[in-house]
Amino acid sequence: MDTKFKKTFLAIFVVFIVLALVPFLIPMGAYIAQIEQAASQKLGVPVKIASLHFAVLPTPRANVKGLVVGNNEDIRVADVAAVLDVTTLFDDVRVVSRLDVDEPVLKQSALALLGAIAARQGESSGPAPVELRRIVVAGARIEMDGMNLPTMDADIALAAGGKLEKALLTGSEGKLSIDLVPKDAGYAAEIKAEKWTPPVGPRLVFDKLTANLEYAGSTLKFPQVEASLYRGSLIASGKLDWKKNWRLSGSIKTNGIELGDATRLFTRTVKVTGRITGNGKFSSTANTPGKFADAMMLDYKFSVTDGVLYGMDLVKAASLLIRQGMTGGETRFDELGGTLYTRGKQVEVRPVHIVSGLLAADGHVKVMPDKSLSGKIDADIKKGISLVTVPLVISGTMDSPMVLPTKAALAGGAAGTVLMGPLGTGLGVKAGSALDKLFGGGE
């Protein structure tokens with residue numbers, strides 16, 4: 001290697017060393033206060049920076065650590081790196097080719113804050129001195145009351161003027177993806193998920209889910225949601241609005257969902273099996289999305305086929321006229337139908353209709369917030385060529401239901417048996433049931 005080449009190589013090496021060391025030799029702390037002030041004026045909210053560092057290699061960039069935005073630390077970011085496009089260094093508008101944002105945390109209040117910042121930027125006139133082309137977000141979290149939102153990553157492409165071209169969001173360890181594009185005055189998104197559990201409400205597991213969303217202002221519409229779960233399917237549509245309180249409304253349709261697996265989300269033991277099909281409407285209003293389940297109003301007409309109702313044997317209870325009531329057992333049915341009404345944590349099925357071999361039953365059942373049961377069912381039992389209707393009272397809890405003939409039915413059955421023997425039991429029950437309905441008795 002000749003001397004001239006050695007000197008050239010040494011000079012290049014020294015240049016690179018200097019470029020690498022310069023950022024550490026220049027005290028950046030003096031500029032932090034000025035940057036904080038300029039950013040606060042631009043955004044209209046306080047901005048704090050823990051440290052600032054410039055680097056030349058491998059590409060010119062600025063690194064900010066400990067970024068905090070908002071009066072209540074609404075947005076916190078562990079690390080931000082802005083990579084400058086050197087070809088625009090001396091242009092009027094400099095371009096940041098890539099902005100890497102690591103571990104941002106957004107409080108619930110950040111949603112309103114971001115809306116206010118966007119509106120403020122829309123009011124400003126003249127071109128921005130710096131334009132972004134791409135934002136890459138890693139490990140983003142949104143903190144919302146009552147919701148366990150997954151950590152998300154995002155890759156966002158921007159056009160001139162900072163307008164969104166497209167964005168891809170992924171989360172739940174690759175189980176969820178969201179493709180976002182501009183549409184009219186808002187955005188449209190396509191969601192795909194596999195083996196995914198929503199962050200709010202019952203811990204349902206969706207085998208597959210696809211949804212189309214439309215967002216504008218403070219309204220999110222989901223005109224089409226299709227999902228497969230528990231060997232059945234679900235179709236839903238509706239909208240979410242948060243201009244004042246959070247409001248959710250829409251419709252739902254299910255087909256052939258296996259209840260045995262789904263009911264494990266609500267009780268310790270399975271209470272009913274079979275395939276459920278139905279449709280209904282839902283709505284909820286709450287201060288935060290995490291409280292939607294507590295205020296949910298649902299009207300859902302359903303039919304369950306070829307199933308088992310565990311915890312109560314309606315045929316046995318109606319046939320034996322047990323005075324002390326009975327728990328346990330099971331009722332196999334061909335069809336169980338009715339309309340499910342929920343008002344927060346209170347659940348009611350009325351009317352409920354059960355068909356099971358020699359049994360046909362109609363009535364209503366209510367589940368209170370403490371999971372206690374109340375209700376009444378008229379069970380029609382076919383005995384030979386006659387049909388006996390026995391009114392049954394339901395009580396107990398979801399985990400330990402109890403079924404007992406009404407006092408009037410018991411008294412009538414006992415009187416009929418004394419007067420006419422076994423053949424008079426059914427007549428006595430009918431007479432007692434008639435008096436029960438006449439005077440509105442329920443026990």
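This report describes the confidence, nonpolar cores, aromatic rings and salt bridges of a predicted model.

## Basis and confidence

Residues are numbered from 1 along each chain as its sequence is written, and side-chain values use heavy atoms, without hydrogens or water. Because the model is predicted, local features need pLDDT of at least 70 and side-chain atom pairs count only at pLDDT 80 or more, while totals for chains, interfaces and linings use all residues.

The predictor's confidence in each residue is given as pLDDT, from 0 to 100. The chain averages 79, and 76% of the residues score at least 70. Over residues 16-25 pLDDT stays under 50, and the model has nine contacts beyond four places in sequence for them; contact means heavy atoms within 4.5 Å. Residues 411-435 also have pLDDT under 50 throughout, with 27 contacts beyond four places in sequence.

## Nonpolar cores

A nonpolar core is a set of buried Ala, Val, Leu, Ile, Met, Phe, Trp, Tyr and Cys residues joined through side-chain atoms within 4.5 Å. Buried means under 20% relative accessible area, exposed over 50%, and partly exposed in between, with a 1.4 Å probe and protein chains only. In soluble globular proteins, nonpolar side chains tend to be buried together.

The largest nonpolar core has 61 residues, of which L209, F302, I354 and L392 touch the most other members. Beyond its neighbours within four places in sequence, L392 is in contact with L314, A317, A318, G375, K376, I377, A379, V403, L404 and P405. A second, separate core holds 24 residues, including I32, V47, V101 and L158.

## Aromatic rings

Rings of Phe, Tyr and Trp (its six-membered ring) pair if their centres lie within 6.5 Å; planes under 30 degrees apart count as stacked, over 60 as edge-to-face and the rest as tilted. The structure holds five aromatic pairs. The pair of Y187 and Y215 is stacked, because the ring centres are 6.1 Å apart and the planes are at 10°. This pair links distant parts of the chain, with Y187 in strand β11 (residues 186-196) and Y215 in strand β12 (residues 206-216), 28 residues apart. Strands (E, at least two residues) are DSSP runs, numbered from the N terminus.

Y187 is partly exposed, at a relative accessible area of 32%, and Y215 is partly exposed at 32%. Ring pairs join Y187, Y215, W242 and W246 into a cluster.

## Salt bridges and a charge over a ring

A salt bridge is a side-chain nitrogen of Lys or Arg within 4 Å of a carboxyl oxygen of Asp or Glu. By this rule there are 13 salt bridges. One joins R133 to E131, with the closest N and O atoms 3.1 Å apart; R133 is partly exposed at 30%, whereas E131 is buried at 16%. Another joins R134 and D155 at 2.8 Å, N to O. That pair links distant parts of the chain: R134 lies in strand β7 (residues 134-143) and D155 in strand β8 (residues 152-158), 21 residues apart. R134 is partly exposed at 32%, and D155 is partly exposed at 30%. R76, R141 and E143 are linked in a network of salt bridges.

R350 takes part in two kinds of interaction. Its side chain meets that of E348 in a salt bridge at 3.4 Å, N to O, and R350 also lies over the face of Y341, at 4.2 Å from the ring centre. A charge sits over a ring if NZ of Lys or CZ of Arg is within 6 Å of the ring centre and within 35 degrees of the ring normal. E348 is buried at 15% relative accessibility, while R350 is partly exposed at 37%.

Methods:
Helix = DSSP H or I, 4+ residues; strand = E, 2+ residues; numbered from the N terminus.
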